[in-house]
Amino acid sequence: MSQIYQYCPRCAAPLATRPHGGFERRACEREGCGFIFWDNPTPVVAAVVEHEGQLLLARNVAWPAGTYALITGFLERNEIPHEAAQREVEEELGLKPRGAHFIGHYSFERMNQLIIAYHVPAEGVVTLNEELAEWKHVPFGEADYWPAATGLALRDWLRSRGFEPKERPFRRAT
Ligand SMILES: [Zn+2]
């Protein structure tokens, strides 16, 4: 469970862990407050980007060299997920997205995120924004996947195209 709240954000009393509705939750013990830290997962969109007939993977500036993954991002308020996936591709890669096709949703437990994954074909010249350090093309038949949420989305999309990617060791990328 996430440890974001030690104290009640409403009344500053210490929070306690207790069973609630079938889950262990952090809740305020103070009489009359009633704050409960629900710790719900955060939705995150992920894009399997198809560019010039290949897969396009990118490395976040915070990741070690050689770590490439999908394009991901948070939803803006009231934003629809398939639009968010295309917006992220446009913002982070400078490409023109040509639609977003739902792949599936995946639980990323370590980050308490729900990954909503799309295939996003995109056109244009890659221009990375400040979030990304580098990018590469990977032929579909040479792609492998990492056994975590976005990697499983990539695997499932490749399988839907008739490829059987190999699993590679997980290296902190989402
Ligand atoms: Zn409280």
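Here are some notes on this predicted model, point by point.

1. Ground rules. Residue numbers start from 1 along each chain as its sequence is written, and side-chain values use heavy atoms, with hydrogens and water left out. Since we are looking at a predicted model, local features need pLDDT of at least 70 and side-chain atom pairs count only at pLDDT 80 or more, while totals for chains, interfaces and linings use all residues.

2. The chain as a whole. The protein chain has two helices and 12 strands; here helices (H or I, at least four residues) and strands (E, at least two) are DSSP runs, numbered from the N terminus. Read from the N terminus, the order is β-β-β-β-β-β-α-β-β-β-β-β-α-β. The C-alpha trace spans about 60 × 30 × 30 Å along its principal axes.

3. Surface and contacts. Of the 174 residues in the protein chain, 45% count as buried, where buried means under 20% relative accessible area, exposed over 50%, and partly exposed in between (1.4 Å probe, protein chains only). The accessible surface of the protein chain is about 9600 Å², with 51% of that belonging to carbon and sulfur atoms; areas come from the Shrake-Rupley method with a 1.4 Å probe, and for residues only the protein chains shown count as cover. Among contacts (heavy atoms within 4.5 Å) with a separation of 6 or more, 57% come from residues 24 or more positions apart.

4. The zinc site. Four cysteine SG atoms, from C8, C11, C28 and C33, coordinate the zinc ion at 2.2 to 2.3 Å. Donors are N, O and S atoms within 2.8 Å of the metal (3.2 Å for Na, K and Ca), and water is not among the atoms, so sites may look incomplete. Along the chain, the spacing is C-x2-C-x16-C-x4-C. C11 counts as partly exposed because its relative accessibility is 24%, whereas C28, at 4%, counts as buried.

5. Zinc geometry. The arrangement is tetrahedral because the four donor atoms subtend angles of 102 to 117° around the zinc ion; for four donors, the call needs all angles between 85 and 135 degrees.

6. Three strands make an open sheet in the order β1-β2-β3, with antiparallel pairing. β1 and β3 (36–37) are at the edges with a single partner strand each, so one side of each has no neighbour in the sheet. Strands pair if DSSP finds at least two bridges between them. β1 and β2 have six bridges, with A16 opposite A27 in β2, and two bridges join β2 to β3, where R26 has F37 as its bridge partner.

7. The hairpin. β1 and β2 form a hairpin with two residues between them, and G21 in the turn has a positive phi of about 60°.

8. E92. This residue lies in helix α1 (residues 81–93) and counts as buried because its relative accessibility is 3%. Leaving aside neighbours within four places in sequence, E92 is in contact with I71, T72, T127, L128, N129, E131 and L132. E92 and G53 are 39 residues apart in sequence and 19 Å apart in space, C-alpha to C-alpha.

Terms used:
Four donors count as tetrahedral if all angles lie between 85 and 135 degrees; four count as square planar and six as octahedral if opposite donors are over 155 degrees apart and all others between 65 and 115; anything else is irregular.
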